Amino acid sequence: MLKKTTILMAAILAGVFSLSGCGEEEKVAAPTAAAEEKSQTVEPIVIRVGHDAHPGEPFYAGCEKWKELLEAKSNGTMQLELYPSGQLGSKDDLLDQIATGEAICTLADGAYFYDRGVKDFGIVFGPYLFDSWDEAYKLYESSWYQEQADKLAEVAKLKIVASNWRFGVRHTLTTKPVQSLADFHGIKLRVPTNVIQLKGMEVLGTAPTPMALGEVYTALQQGTIDGVENPVALLYYGKFHEVAKYLLLDSHVYNITNLVVGVDFFNSLTKEQQQMLMDTCKEAGLYQNKLSEESDIALIKKMQDEGVTVIEPTPEFKQELKDASKKFYMLPDFKDWSPNLYETVKAAMK
């Protein structure tokens, strides 16, 4: 009887030890499986979007929309981080980083592309090249424009993701009234740091002063410069109208802009990711354009309410500006343009 009891106890104890062993195996196996699953998690692709526009501007709202669309379409595997108001540095600095393959995006135009080796691209920022948005869009959708975009990728290592965003019609805000071409003479006008825009405003009689946008408020306040040109939204949200009280609606450039990333970065993406990036950017551009169109009228009214005198050029003054701008397209500075470039571009926008 004692022998049977001993055998029974041994069997029970063996079962207990066996079950205890199973539990230990499960405790060890569970974290191992979790660690393996974690190791297979793909880190999202994060793109930093830097620019000079301020929160509240249509362009910034468009970037927020792009972020929303891209992150939803990619199920969070592609993400945008937004850096407005020049937080990531000047446009030139950003373009340098982008060209080396950094996961950065910014807005840039033909004037900057000219300085980076695609000379013909610069003409799109010439003064009074366009009389309407329709003309501008026709050129940007033309085969000529696509040829320039291809050269940009090859020469400057910059890939255009979308070129349908309206940055706005560019006007001139000054500390003294400008009501004729003669009034422009000698005005120290801030321009971006590129040759095209410098020469474009110089032919109108101004003394263009290249300067980073972040320095403009203080420069206007201290009298270092007499004015700044840009779309209304940027002028308003940059608060430049607090220190310059005359807005000339001269419409010297219809500014459609490009969103660009580096060629090396773009090529590191899968075809599906490339398409998602471009499709969502174009969709966000349409959203931004609607906001831009609606905001200009409201912001001009706000400027007036805040003490700005708005000057609508007379037909005679507008013609003076257009006539003066024609010198730009014949400047010896642009002898590296293709022959008859002005005529080629004008034909492409018909």
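**First stop: V155**

Select V155, which lies in helix α6 (residues 143-156); helices (H or I, at least four residues) and strands (E, at least two) are DSSP runs, numbered from the N terminus. V155 counts as partly exposed because its relative accessibility is 48%, where buried means under 20% relative accessible area, exposed over 50%, and partly exposed in between (1.4 Å probe, protein chains only). Leaving aside residues up to four places away in sequence, V155 touches R116, G117 and V118, a contact being heavy atoms within 4.5 Å. Show the C-alpha atoms of V155 and G117: they are separated by 6.5 Å, although the two residues are 38 residues apart along the chain.

**Conventions**

The model is predicted, and local features need pLDDT of at least 70, side-chain atom pairs count only at pLDDT 80 or more, and totals for chains, interfaces and linings use all residues. Residues are numbered from 1 along each chain as its sequence is written, and side-chain values use heavy atoms, with hydrogens and water left out.

**The whole chain**

Of its 350 residues, 47% count as buried. Among contacts between residues at least 6 apart in sequence, 77% join residues at least 24 apart.

**A helix pair: α2 and α12**

Next, select residues 58-73 (helix α2) and residues 271-305 (helix α12). Two packed helices are described by the angle between their axes and the distance between the axes. Here the angle is about 150° and the axes are 8 Å apart; axes are lines fitted to C-alpha atoms, for helices over the stretch in contact, and angles run from 0 to 180 degrees between N-to-C directions. The two helices are therefore roughly antiparallel to each other, a label for angles over 145 degrees, with under 35 roughly parallel, 65 to 115 roughly perpendicular and the rest oblique. The crossing of α2 and α12 is right-handed, meaning that the near helix is turned clockwise from the far one by less than a right angle, anticlockwise being left-handed.

Display the side chains of the contact. On the α2 side are P58, F59, A61, G62, K65, W66, L69, L70 and K73. They meet residues of α12 that include M276, L277, C281, Y287 and L291. By class, the contact of α2 with α12 has 12 nonpolar, 5 polar and 4 charged residues; Ala, Val, Leu, Ile, Met, Phe, Trp, Tyr, Cys and Pro count as nonpolar, Asp, Glu, Lys and Arg as charged, and the others, Gly among them, as polar.

**Salt bridges**

How many salt bridges are there? The count comes to 14, a salt bridge being a side-chain nitrogen of Lys or Arg within 4 Å of a carboxyl oxygen of Asp or Glu.

- Select R170 and E229, whose side chains meet in a salt bridge (2.8 Å, N to O). This pair links distant parts of the chain, with R170 in strand β4 (residues 158-174) and E229 in strand β7 (residues 227-231), 59 residues apart. R170 counts as buried, at 4% relative accessibility, and E229 likewise counts as buried, at 2%.
- Select K322 and D131, whose side chains form a salt bridge (3.1 Å, N to O). K322 is in helix α13 (residues 315-325) and D131 in the loop between α4 (110-115) and α5 (133-140), 191 residues apart. K322 is partly exposed, with a relative accessible area of 26%, and D131 is partly exposed, with 42%.
- Select K301 and D305, which meet in a salt bridge (3.0 Å, N to O). Being 4 residues apart in helix α12, K301 and D305 are separated by about one helical turn. K301 is partly exposed at 45%, while D305 is exposed at 54%.

Which backbone angle of S251 has a positive value? Phi of S251 is near 50°, in a residue other than glycine. S251 is found in strand β8 (residues 246-262) and counts as buried, at 13% relative accessibility.

Finally, select N340, which has a positive phi of about 60° although it is not a glycine. N340 is found in the loop between α13 and α14 (341-348), and at 56% relative accessibility N340 counts as exposed.
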